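Here is a walk through a two-chain model, one chain at a time and then the contact between them. Keep the structure open while you read.

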Amino acid sequence: MSRRRSATLAVGCVLAGVIVAVAVVSLFWTPFSPDDTSGGRLAPPGPPHLLGTDKLGRDLLTQLMIGARVALTAGIGSVALGGVIGVAAGLLAGFAVRWLDDTISALLDILIAFPTLLLAMLVVAAREASLGSAILAIGLAMSSIVARLTRVLVKRVLAQDYITASRTSGTSWPRVVAEHVLPNIWPTLLVNLALQLGLAVLAEASLSYLGLGTPPPNASWGRMLQEAQATVLTAPAGAIAPGVLLVVLVVGVNLIADGLRDVADPTRRARGSGSAVDPGSPAMGLDQGGSAVDLDPRRGP
Amino acid sequence: MSLLEVSALTVKAPDGRALLSEVSFEVEAGARLGLIGESGSGKSLTALAIMGLPPAGMTVSGSVVLDAPGLPRTQVVGAPERALNGLRGRAATVVFQEPLTALDPLAKVGRQLAEPLRRTRGLRGSPLRAAVLAALEEVRLPERVAGAYPHEISGGQRQRAAIAMALACEPALLIADEPTTALDVTVQAEVLALLDGLVSARRMALLFISHDLAVVARVTDRVVVLKEGLAVESGNLLDIVGEPRHPYTRDLVSSARRLDSALDWGAR
Ligand SMILES: Nc1ncnc2c1ncn2[C@@H]1O[C@H](COP(=O)(O)OP(=O)(O)O)[C@@H](O)[C@H]1O
Ligand SMILES: [Mg+2]
């Protein structure tokens, strides 16, 4: 089982790695300049435009490469922002006295109920449609989900016998937190943040599809999909290519999350490899997946 | 002066229900006391109240005084966390019923055992590693246990590790809260004998908690009988068995007798 799991991790790393490699290359080299429209409208695949051009005559491969960079920036940026705010707020609520915990929890419930799309529109209205605005909106929406998960994890670990046992032996409170509480919540958190990264990539594509994301000349896969929509029958590459890359990245990230689940948790790692007893998962369910940052444009805000 | 003096200890649940009512007993330095009672009678709660760690929301009143050599005599009830923290481990510590949940599932046994050893003896590096192995040896665990996670060893081994961790604190009083209840019968006897020997060798006081009269009889002869949060009887075990006054104690004794005679009959 553990071998199958590390295979999951490996496949995920390969898939996501391809996109990362493309994004890194785009920093130094792209076949054409992103705003070069000399290729002619909707040129078919073939030299010098390997994948053809879009309806404005821009090189499709160039757009895709820059789109990879934008997608990764959006995913990592959102997770960094949402992770830092969310984990901090969650830890605060988890360890806080009753009234502070209640206050933070109420705020989180409101933020979670707030539609991400509306939040994104407000951010764009206050600033401008840009990658930064998208990251801000997605990160804020994500922070409430991460905070709530962190809070629950802290509460659950604090109620465990091994915390009481450690305290009866005279371990100081900061040490209990550092040695037992944090190590027992981070595997679940890590897995969840990885899942959130995949969701954030999708969320950015949705925002860009709606015109709330990255502006030209920088391409976002979401906007490419939107632009190719009208010509999908005559020039399918323009719609298929960004769609495929989006799937490759998100599936890759989710496989990594799935693989991390087992690497990070020794009680799962050993399962099925002849351990003495089934521990009944003392490390708590690492199974709570990501509650989605729901931005599906078909469902509307 | 006693090492532990519990008087009129009362613990109330958040809803006001009294889970422990006016419980009183004493343990002298180096002495042993058994705390007997059925499941839910408040035995574990007594242990936690002595450590100043009642479950959240419970109100504790009455008095728990710990007076260990080399440590300030302390009234545990209402004491600030800082005072209690200096006391926990050194004045008293607990071995819990369920060793699987009492050990951190994500930390190797050796690392968990090193924690109290580092604190009490101020060891670091390779002397610390040697002390961990010596502590394992003392509870008859092989060296490889140090590198294992709790779920990778057997229940009996886990409880031995938990005992080693408690002993590493070098407490004046060891509270053993049903230390053998979660174990197989054959392992029970071994762990009990081990605990008994180590507590004697170190001249520790022992508060031994169990629902099983026969188990308590093996380690101590002085007991308190707890029933629904009330101490219904206390004194010498033989006296109580010979002449139980409270109906609950009578039940306890007669069921132990029945078990005894059944075993005798089976052995014949
Ligand atoms: N954290 C808690 N919250 C509410 N009630 C509790 C809690 N812990 C124990 N109790 C109650 O206190 C009583 C005594 O429990 P306990 O001391 O664990 O019994 P035992 O003698 O089996 O060790 C039980 O009725 C139990 O339901
Ligand atoms: Mg109990």
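Helices here are DSSP runs of H or I with at least four residues, strands are E runs of at least two, and both are numbered from the N terminus. Before going further, note that this is a predicted model: local features need pLDDT of at least 70, side-chain atom pairs count only at pLDDT 80 or more, and totals for chains, interfaces and linings use all residues. Residues are numbered from 1 along each chain as its sequence is written, chains are lettered from A and ligands numbered from 1 in the order in which they are written, and side-chain values use heavy atoms, with hydrogens and water left out.

The span 7–29 is one of those that an unreviewed UniProt entry lists as "transmembrane region" in chain A; the others are 70–97, 104–125, 131–150, 189–212 and 232–257. UniProt positions follow the numbering used here, feature names are shortened, and annotations may be inferred rather than shown by experiment. Take residues 189–212 of chain A: that span is 88% helix and 0% strand, with 29 Å between its end C-alpha atoms. The unreviewed entry also gives chain A a "domain: ABC transmembrane type-1" at residues 68–257. Over that stretch the chain is 83% helix and 0% strand, and its end C-alpha atoms are 20 Å apart.

Now for chain B, which has 10 helices and 10 strands. Its radius of gyration is 19 Å, close to the 18 Å that the globule rule gives for 268 residues, so chain B is as compact as a globular protein of that length. That radius is taken over C-alpha atoms, and the rule is 2.2 Å times the number of residues to the power 0.38. Along the principal axes, the C-alpha trace of chain B spans about 55 × 55 × 35 Å. UniProt, again in an unreviewed entry, annotates residues 4–253 of chain B as "domain: ABC transporter"; this span is 39% helix and 25% strand.

Within chain B, Arg32(B) and Asp196(B) form a salt bridge at 2.6 Å, N to O. The term needs a side-chain nitrogen of Lys or Arg within 4 Å of a carboxyl oxygen of Asp or Glu. This pair links distant parts of the chain, 164 residues apart: Arg32(B) belongs to strand E3 (residues 32–37) and Asp196(B) to helix H7 (residues 185–201).

So how do the chains meet? The contact (heavy atoms within 4.5 Å) takes 28 residues from chain B and 27 residues from chain A. About 2400 Å² is buried between them, and carbon and sulfur atoms give 56% of that. Leu106(B), Glu115(B) and His151(B) lose the most area on the chain B side, together 26% of what that side buries. Buried area is the accessible area (1.4 Å probe) that two parts lose on being put together, summed over both.

There are 2 salt bridges between the chains, and one pairs Arg167(A) with Glu81(B) at 2.8 Å, N to O. Helix H2 (81–87), strand E6 (92–95), helix H3 (99–102) and helix H4 (109–121) of chain B each give two or more residues to the side that touches chain A. H4(B) gives the most, with 4 residues.
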